[in-house]
Amino acid sequence: MPALLELEKSYLEASRDREFQKQLAHLQKTYIGRPTPLYFAERITRHLGGARVYLKREDLAHTGAHKINNALGQALLAERMGKKRLIAETGAGQHGVAASTGAALMGLECEIYMGSEDMQRQALNVFRMKLLGAKVVEVSVGSRTLKDAINEALRDWTTNVRNTHYVMGTVFGPHPFPMIVRDFQSVIGKEARKQILDAEGRLPDCLVACVGGGSNAMGLFNAFLEDDVKMVGVEAGGEGIESGRHAARFAGGSAGVFQGTKSYLLQDEDGNVLGTHSVSAGLDYASIGPEHPYLRDINRVQYTYATDEEALSAFGLLSRLEGITPALESAHAIAEAAKLAPKMSKDEIVIVNLSGRGDKDVQHVAKIKGIQL
Amino acid sequence: MNRIEKVFKKVKAGNKKAFIPYVMAGDPSLERTAEIVLMFEKCGADIVELGVPFTDPLADGPTIQRAAERALKAGVTLRKIMGFVKELRHRSQIPLLLMTYYNPIFKYGEESFVKDAVDAGVDGVIVPDLPPDEAEGLMTRAGKANFATVFLLAPTSTEDRMKKVAKASKGFIYYVSMTGITGSRLLLDNSLRESLSALRRITDKPVSIGFGVSNPEEAGSVSGLADGVIVGSAIVKKINESAEDLEEFVSELRRAIK
């Protein structure tokens with residue numbers, strides 16, 4: 001608790017500090033490459049035959065995903081707090097790479113916790129983290145995925161709290177993490193709102209984003225919450241809800257308290273956390289950031305899921321039609337857009353958050369398709 | 001007065017210290033856990049801390065994580081542990097404290113949890129991932145049933161925090177000997193002494209030290225600083241690695257804590 005109170009205080013001070021905000025904005029522009037483009041995907045729009053589909057190109061941010069927005073912000077915050085060491089958890093490896101990058105930039109020591117199963121399917125990102133000077137710690141307890149990596153990172157943090165900042169990678173965990181991560185990611189929605197007004201002279205009709213912990217979705221949605229814009233969060237349907245092998249917390253879970261937050265959770269009747277499955281490591285997680293259940297309860301955001309098969313098909317579709325290979329996580333959002341757009345009229349607008357690029361998944365997808373590289 | 005409070009009243013009056021050994025319920029079976037609790041009592045334990053297995057034990061190190069995995073594999077749940085305690089009460093009246101993460105209680109329902117625990121003969125609960133700030137509901141229900149709620153303090157706790165935890169704790173205050181998880185290395189230094197004397201100035205509630213007490217020698221030296229000593233990982237390790245030495249080890253711990 002004392003560490004969380006200290007973090008909240010430091011963050012609130014930093015967010016009021018104009019010098020800190022200036023430094024962050026400068027790095028967003030010159031280092032991350034923001035603003036990322038809002039791209040009108042003409043060929044996929046034609047292919048789907050309905051609403052105009054725009055892609056918010058977070059895949060073009062430095063390190064290849066939206067994760068850097070938060071990691072860099074928190075690395076700056078850690079430096080300001082006088083912490084010499086960063087730790088982070090990672091699922092797909094994108095947040096691990098982003099946190100390692102932030103640490104390298106600030107000259108901080110860095111350790112990344114990653115489940116052994118995820119290390120296998122995201123071997124490329126493991127090497128990238130090491131290249132960036134981080135130590136990758138293999139977590140081989142529990143389900144050996146993201147949730148276990150978070151457990152280990154929290155254990156490390158409680159042990160080394162005096163010199164270490166925990167760079168939580170998503171809008172999850174105890175307060176103030178969900179707030180901090182949402183705020184650092186909200187740059188996505190702020191830019192998208194301005195960009196769509198410039199391009200179309202009006203707000204979009206619908207936003208679509210994939211939801212693991214839910215940071216890219218919160219980042220896009222946050223700027224539009226007061227507007228008349230429909231929003232859809234897409235969870236990992238895995239092999240289907242009936243199969244039990246999925247990570248669709250709303251479709252298959254119930255309220256629970258886990259890793260310091262109250263939210264929706266995939267659990268058994270005794271409150272033990274169930275194993276999850278998704279083709280994408282970044283969505284393969286038993287719970288969801290606590291603001292999502294709130295937005296769902298007030299009927300502001302709708303949640304649905306896409307299966308592994310649908311995501312894999314969207315992965316191929318976007319590659320072929322637009323020359324953009326999405327991360328498997330983002331492919332879940334593309335899959336949902338492919339269902340929605342044809343039902344909408346041609347003058348309606350959908351923005352899909354293309355939260356990351358798919359290079360990291362190419363090997364894994366080849367393996368699934370039985371292709372030897 | 002709750003049975004746990006009575007224990008501390010008695011040890012204080014006798015100028016002694018309470019010995020609180022820990023066992024994970026159902027590791028590897030509930031039958032074995034019953035034998036171990038009875039052995040603890042025979043060796044002179046004052047209170048037994050009974051672990052409830054959970055899939056994601058955030059505050060625990062590898063020894064207790066693995067014990068939880070074995071207990072879960074044996075199908076042990078909070079509900080089964082209630083039945084287990086009810087049975088055990090025919091054979092032992094040693095005060096029992098459940099150590100459980102919050103989600104199993106949340107899923108069980110706070111009200112039913114306290115009611116069933118009291119009915120079964122459980123004397124109190126420690127919930128390492130529930131700070132007093134979030135525990136109002138549980139505390140109210142526990143208070144009505146004279147059920148102990150033990151909260152944790154860490155070496156990083158500020159004076160405000162100490163006041164809050166001391167006020168919320170019923171039975172005793174669990175002082176975590178270091179920053180970190182169960183079973184890590186104990187470091188007895190001046191800051192621990194200073195922090196404990198600060199706590200003593202704030203409260204006259206009993207204080208027990210746990211996390212990282214791994215042998216009789218360490219147990220002896222921390223017992224000088226507290227009213228009770230909790231030993232967990234070291235015992236769990238013995239149970240699974242060299243059970244033949246277990247009883248002797250527990251007796252030595254008892255003798256050292258004075």
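**View 1. Lining of the largest cavity in the predicted model.** The largest cavity has 27 lining residues, and A:His66, A:Lys67, A:Ala92, A:Gly282 and A:Glu329 are those nearest its centre; a cavity is a set of points, on a 1 Å grid over the protein atoms alone, where a 1.4 Å probe fits but cannot get out, and lining residues have an atom within 4 Å of a point. The largest cavity holds about 300 Å³ of space, a volume being the space filled by probe spheres set on the points, which are joined across faces, edges and corners. In chain A, strand E3 (85-90), helix H5 (94-106), helix H11 (215-221) and helix H15 (328-340) each supply at least two residues of this lining, where helices (H or I, at least four residues) and strands (E, at least two) are DSSP runs numbered from the N terminus. The lining comprises 7 nonpolar, 17 polar and 3 charged residues, with Ala, Val, Leu, Ile, Met, Phe, Trp, Tyr, Cys and Pro counted as nonpolar, Asp, Glu, Lys and Arg as charged, and the others, Gly among them, as polar. Over the whole structure, 5 cavities of 30 Å³ or more are found.

**View 2. The second largest pocket.** This pocket, an open set with protein on both sides within 12 Å along at least five of seven lines, has a volume of about 350 Å³. Of its 15 lining residues, A:Leu24, A:Ala25, A:Gln28, A:Val187 and A:Lys190 lie nearest the centre. H2(A) contributes the most to the lining, with 5 residues, and the lining as a whole divides into 6 nonpolar, 4 polar and 5 charged residues.

**View 3. B:Leu98 in the largest nonpolar core.** The largest nonpolar core contains 94 residues, of which B:Phe40, B:Leu50, B:Leu98, B:Phe113 and B:Phe172 touch the most other members; such a core is a set of buried Ala, Val, Leu, Ile, Met, Phe, Trp, Tyr and Cys residues joined through side-chain atoms within 4.5 Å, buried meaning under 20% relative accessible area with a 1.4 Å probe and protein chains only. Leaving aside residues up to four places away in sequence, B:Leu98 touches, with heavy atoms within 4.5 Å, residues including B:Leu50, B:Ile81, B:Phe113 and B:Ile126.

**Model and numbering.** This is a predicted model in which local features need pLDDT of at least 70, side-chain atom pairs count only at pLDDT 80 or more, and totals for chains, interfaces and linings use all residues. Residues are numbered from 1 along each chain as its sequence is written, chains are lettered from A, and side-chain values use heavy atoms, without hydrogens and water. The model scores ipTM 0.92 and pTM 0.94.

Conventions: Buried < 20%, exposed > 50% of the residue type's maximum accessible area, 1.4 Å probe, protein only.
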